[in-house]
Amino acid sequence: MAAGPLNPVNPPNLGQLAQLSLDRMADAVLLSDLNGEIFYANDAACRLLGCDRPELLNSHLWHIDCALTQEDWPHYLERLRQQEVLEHEALYRCANQDSIEVEVTTSYLVADESAYHCTVFRYLSERASIAREVQRAKDQLRAVLDAVPGLVSWISQDGHYLGVNRHLAASYNMPPDAFVGKELGFLKNSPEFVDFVKDFLDGSVDYHTQLVEENVRGQPRYYITAAQKYDQGRATVVVGIDVSDRKRSEEALQRSEARLLEKTQQLEEALRERQRAESQLVQSEKMYALGQMVAGMAHEINNPINFIYGNLAYTDNYVRDLLELMRMYQEEIPETPPKIAAEIEAVDLDFITADLPKIVDSMKLGAERILKLVLSLRNFSRLDEAQFKQANVQEGIESALAILNHRIQGKIDLIKQYEPLPKIYGYPAQLNQVWMNLLCNAIDAALDPGLRDGSRDEAKPQIVVRTKVLKGDRILVAIRDNGRGIEPGLQAKIFDPFFTTKPVGTGTGLGLSICYQIIQTHNGRIRVISRDPQNPNGEWETGTEFLVELPIGSSQDDAPK
């Protein structure tokens, strides 16, 4: 059986002893009923509050406690009843209305089936108050840092841990105290982090941030790491926020953007290739149809003109024989019958005799020109020369000029500056197509007022065609006009399919694109030099010149693959 709190032998008067103890306690004591009315105050309470005992015994607790009101009393009392003891710091009001800071312990007491409220308090000294405030601030800071969803550590100037937050310790399955005193880098998980902190501690700046990679439980993680010095630079706090997911998302986005860019480039190249194929198909169909038509026309014209030209020789002989016969008749029979003499005078036989040979000669010249044009048409179409073979470049240029002669003669000064060229290996029909397109563009630029320089309207349109043998077994064909020129911003686009500087409805934008593809097929090079219409005083005086370089080649092995 447990012993009671009193010795049963000669027990003292406990009530009197308790009264004396309360009266003489160093701590202030107040006893009150459940209504908060004070019915006991010891000497220490009177001294501390500067009140007479009768004054205190006529007061309630909320007259003393600055934070307590009569309305709050029931709630406060209920909380005390549930917990039985409450400890806190409070401001108490003295008799002179000054406030003092006290440390309070309140108890809920039950005696003789009645309940009472006991308040024991003592003066809180300035040093103790400061110490408590410091401890409270430390606890608050620790709570805040433990709540930070990142890695927080305190590191001394010599590179040792002063502490870490709960999150950092949990990341490595270690208690926070296990870090204290350890040297920076003892985990051997991030040399990059160690270098970052050491460089920061050795530097002169007070704040720095950097993306740092760490190895956490065998997995690479990325942290935005910020360091801030404190205690006059003798220590630093380092905070790392995990951005691994964002880093991976950014890397995935970069890879996705790279793939998208690659796909876009592929689509753009496919579109350009399709445009080139479409333009080449359109132009090929056009050239094939043109070639068929030209070949058919040349054939249909060639047969009757050959018949005419062949019979002109006989006609010439017959005419001369008849004229000679008439002369002999006039010499042998000088007396011409009147009726015949009248008819001779009516038809002007002397004029016919003189003009008829000229008419026959003129017919022969016209037939020869038609034959030459038919030959040029056949040379241009080259339907029988679609294979890779030796081609006469100057002959192809001349054929194109002959076909375009109706646009040139009497309108444009055509200057030919030919150097003898060797035959080159290539596709004659395709090369003829290049010369035709370039000459057509030159004629358009030279004749069209909208494409000519307004300051040169008085100058006669001019086209210069020159050929030259270059070093390295290559030849040059240059076609130049004295038109307005091409702006520098457009020169890079003129070889694009469907791009044209001509008015709507007058150009397809395929000519130069086809030329570029044909020259590329022949392993050649085509470029343009043009006067800037916006800068008439530039280095290039006037017009535009297209320069085509082609390899001479030596055999069938040089055929484009």
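Val 85 stands opposite Ser 107, a residue of S4, and the two strands concerned, S3 (residues 85-93) and S4 (residues 99-111), pair in the antiparallel sense over 9 bridges. Strands here are DSSP runs (E, at least two residues) and helices likewise (H or I, at least four), numbered from the N terminus, and two strands pair if DSSP finds at least two bridges between them. The hairpin has 5 residues between its strands, and Gln 97 takes a positive phi near 70° in it.

This is a predicted model, in which local features need pLDDT of at least 70 and side-chain atom pairs count only at pLDDT 80 or more, while totals for chains, interfaces and linings use all residues. Residues are numbered from 1 along each chain as its sequence is written, and side-chain values use heavy atoms, with hydrogens and water left out.

## Positive phi in two further loops

Most residues other than glycine have a negative phi. Asn 173, in the loop between helix H6 (166-171) and helix H7 (191-202), has a positive phi near 55°. Gln 232, in the loop between S9 and strand S10 (235-242), likewise has a positive phi near 55°.

Asn 173 counts as exposed because its relative accessibility is 63%, and Gln 232 counts as exposed at 74%; buried means under 20% relative accessible area, exposed over 50%, and partly exposed in between (1.4 Å probe, protein chains only).

## Ile 224 in strand S9

Ile 224 is found in strand S9 (residues 219-230), and because its relative accessibility is 32%, Ile 224 counts as partly exposed.
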